[in-house]
Amino acid sequence: MTGLEVVARGPVRGARVLERLVCHPRLPLAAGLDVGRPAVHVWEFEGGELRGLGSVGLSSAPYAHAFGWERMRRTPTVAWHPERPLLVVTGEDGLLQWTTDGVRALDGAPDTASYRGLAFSPDGQTLWGSPSCRVEGEDWESSDALHLASGGLEAGPRWDTGVAEHPGGGLVATLASDQGATHCLFARVDQGPASARMRVLNRALILDCDGYGTPLFSADGRHMAIRGNAYDHSVGIFEFPSLRRVLATTLGDPCPGYPYPQEWLDQLKTWSRHNLAFGSRPGVLWIGTPAGTLVEVDIATRQSVEHAVLSGSGTSALAATATGALLMAGSAGELVLLSEPAATTRSYAVHRDVARAAAHEFMRTATEVPDGEAEPDTHLVVTDGTRVWDADALATVNETDATDPTWLRIQAAVNNAR
């Protein structure tokens, strides 16, 4: 366990509360989603200072009492370019790009794009969007790959909840959600011209119900954390590449569904949906609490310690910077940049070889799901972190008990009905 050092602290200008923070993967930049309206704010943090650089959608109408799907449809989605200081924002005004020169429409973006998920390919040449806009209406069964240089649009696999790049390279994780069960999918991403494509692999995690956040990888790629879900404030940590579940816990009282009504967000009477981060030490997960503290969880020992950070306010969002520092937003409108003094000499580069080995081992033990497959789930070998099933095994499940996950009990009921 270590102490935490406050590097910079300041108010969130133009935003009362931030409900999510997204840090640039390589540069000292962060974007924050405004809790009160469909706006995104951008900061730079260098030399011990937090400096606001601009906003997107600041003149948007407030959310007021919109909640549920109405609130979700109006909430922006953001993605940082992996190398450049460029942020893509999708919202009420279509696809926009923010740079230090200002805000404008994204070059080559389809007029019909209404993506709820955005991510750049690791080389930055392609923007992935979900659901697909290639057909009329929202097509949640597929995604798009937008080639930024040419404006060309290709079909991609189904995904719906962010994309996380494994620190070992060549591998990404995302979610394909359903009310009964969510698959955490892994995909190979090749270098070169073919890097636009996610090549989904047949090894996957299966999670109960839906409403999960984008997976988080530790600095050395040996652990993955997933925050959920639509009914419980859950945290699951899995070893990688084995996908063995090593920790599962519920943070607090069951939540009233996702997303929350506006008054829950304003008052932060419950746990933030974006309150997890892996810092510079790969074996430690950080959790922000409604009391404004940061809980430091040692994954190996399962020991934890609390650090007082915010005074009189709760955690509204938490994220890790490119160097493993922690950026924390509070319900009173503050933004705090923290570092671990004992870990300042460590960086993601130190763990690169370990991460590469983990990614290589996972890809070695998996095969690609055929492109264009009408029922790709039939090719998956899934695990909940404890047991493993292939498609044939799931098709024959007919007995379960109350301790089994909901999705497995539903599967057994369907099999028995057949």
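Modeller: Gladly, and let's start with a term: a disulfide is a pair of cysteine sulfur atoms within 2.5 Å. A search of the whole structure finds 0 disulfides. Before we go on, this is a predicted model, in which local features need pLDDT of at least 70, side-chain atom pairs count only at pLDDT 80 or more, and totals for chains, interfaces and linings use all residues. Residues are numbered from 1 along each chain as its sequence is written, and side-chain values use heavy atoms, with hydrogens and water left out.

Biologist: What makes Cys 23 and Cys 209 count as buried?

Modeller: Buried means under 20% relative accessible area, exposed over 50%, and partly exposed in between (1.4 Å probe, protein chains only). Cys 23 has a relative accessible area of 14%, so Cys 23 is buried. Cys 209 is at 10% relative accessibility, so Cys 209 is buried as well.

Biologist: Is Arg 302 buried or exposed, and how do you know?

Modeller: Its relative accessible area is 57%, which is why Arg 302 is called exposed. Arg 302 also has a positive phi, of about 65 degrees, although it is not a glycine. Look for Arg 302 in the loop between strand S24 (293-298) and strand S25 (304-308).

Biologist: Why is Asn 275 called buried?

Modeller: The relative accessible area of Asn 275 is 0%, so Asn 275 is buried. Asn 275 sits in the loop between helix H2 (262-267) and strand S22 (276-278).

Biologist: What makes the pair of Asn 275 and Arg 227 a polar contact?

Modeller: A polar contact is a pair of N or O atoms within 3.5 Å; within protein, one must be able to donate a hydrogen and the other to accept it, and residues adjacent in sequence count only if both atoms are side-chain atoms. The side chains of Asn 275 and Arg 227 are joined at 2.9 Å, as a polar contact. With contact defined as heavy atoms within 4.5 Å, Asn 275 touches Arg 227, Leu 251, Trp 286, Ile 287, Gly 288 and Leu 318, not counting residues up to four places away in sequence.

Biologist: How do you know that S7 and S8 are paired strands?

Modeller: Two strands pair if DSSP finds at least two bridges between them. Strand S7 (residues 87-91) and strand S8 (residues 94-99) are joined by 5 bridges and run antiparallel. Within that pair, Thr 90 stands opposite Leu 95 in S8.

Biologist: And which sheet do they belong to?

Modeller: An open sheet of 4 strands, in the order S6-S7-S8-S9, with antiparallel pairing. Strand S6 (77-80) and strand S9 (102-105) each have a single partner strand, so one side of each is left without a neighbour in the sheet.

Biologist: What about S4 and S5?

Modeller: Strand S4 (residues 40-46) and strand S5 (residues 49-56) run antiparallel and are joined by 7 bridges. His 41 stands opposite Ser 55 in S5. Their hairpin has 2 residues between the strands, and Gly 47 takes a positive phi near 60 degrees there.

Biologist: Which peptide bonds are described as cis?

Modeller: One of them runs from Ser 130 to Pro 131, with omega near 0 degrees. Pro 131 is in the loop between strand S11 (126-130) and strand S12 (143-147). Another cis bond joins Gly 228 and Asn 229, where omega is about -25 degrees.

Biologist: Which residues touch the most other members of the largest nonpolar core?

Modeller: A nonpolar core is a set of buried Ala, Val, Leu, Ile, Met, Phe, Trp, Tyr and Cys residues joined through side-chain atoms within 4.5 Å. The largest has 24 residues, and Trp 128, Val 163, Met 198, Val 382, Trp 389 and Trp 407 touch the most other members. Apart from it lies another core, of 22 residues, among them Phe 217, Met 224, Phe 240 and Phe 362.
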